[in-house]
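Please consult the sequence and structure shown here while reading.

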Amino acid sequence: RTIGRSEMSGHSKWATTKHKKAVIDAKRGKLFAKLVKNIEVAARMGGPDPSGNPTLYDAIQKAKKTSVPKDNIDRAVKRGSGAEAGGAQYDTIMYEGYGPGGVAVLVECLTDNRNRAAAEVRLAFSRNGGSMADPGSVSYLFSRRGVVVVPKAEDLTEDDVLVAVLDAGAEEVNDLGESFEVLSAASDFVAVRKAVQEAGLDYDSAEASFVPSVEVEVDVDGVRKVLRLIDALEDSDDVQNVFANFDASDEVMAALEDED
């Protein structure tokens, strides 16, 4: 069985951009709160022991990688499992919409107040040249995939990663520039993550994500507008993740980075 190696798609470039953005967002503390919320929900759903709860294991790993203090992580596990008071009941809600230039946008919320979440998402769309869409009208353009991100260490090649994940259900390995991204069926990402660990490789994150199956080509102005919309959406405490199906050429991404 062969695994595909694909050219840098818009999704991959966006993944790289998102990773850089996450470092900046982490400084703002917003990302900390979202990662802690993930841990709390995972502990509530599957119990407080990471060795028997892979969702919690991966949520903790991601928080550690983003330098969330250990104390915050421990308290979130306790709140989620009921060992400490103060845990909230969070619902996962998906909103769908269109950004500037007809780019499809999926917004994943984790909220204890549906009305507030809906209002904030609607406002972000309307203020940034986008519009909400009916459920199902955008989501079919994405598929749920497992995504494991392996940072590039010295000497680590794409072939090393391919060999490590070949039998674990991986479907393709993409070179993101500063890391490798391993895509699989959503149900296989824990097995892929374990294979990466068993091969002695480090990894930044492992999670089920929405990967676009159809992409919309955008120019510099288009990317700028879409990123502004995504920023506005991610500014909401209720929004956990934003997925968009834009593609941009290397020239467009380079021009954008020059502006930063």
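**Salt bridges in the predicted model**

D58 is buried, its relative accessible area being 6%. This residue belongs to a predicted model, in which a search of the whole structure finds 14 salt bridges. Several of these pairs are described below by location and accessibility.

**A buried pair between two helices**
- D58 forms a salt bridge with R193, and their closest N and O atoms are 2.8 Å apart.
- The two partners come from distant parts of the chain, 135 residues apart: D58 sits in helix α3 (residues 54-65) and R193 in helix α7 (residues 189-198).
- R193 has a relative accessibility of 4% and therefore counts as buried, as does D58 at 6%.

**A partly exposed pair between a strand and a loop**
- D175 and K152 form a salt bridge with 2.8 Å between the closest N and O atoms.
- Because D175 lies in strand β6 (residues 170-175) and K152 in the loop between β5 (142-151) and α6 (158-165), the pair ties together parts that are 23 residues apart in sequence.
- D175 is partly exposed at 30% relative accessibility, and K152 is partly exposed at 33%.

- A salt bridge joins the side chains of D221 and K225 at 3.1 Å, N to O.
- D221 and K225 are four residues apart in helix α8 (residues 220-234), so about one helical turn separates them.
- D221 counts as partly exposed at 36% relative accessibility, and K225 likewise at 37%.

Conventions: Residues are numbered from 1 along each chain as its sequence is written. This is a predicted model: local features need pLDDT of at least 70, side-chain atom pairs count only at pLDDT 80 or more; totals for chains, interfaces and linings use all residues. Side-chain values use heavy atoms; hydrogens and water are left out. A salt bridge is a side-chain nitrogen of Lys or Arg within 4 Å of a carboxyl oxygen of Asp or Glu. Buried means under 20% relative accessible area, exposed over 50%, partly exposed in between (1.4 Å probe, protein chains only).
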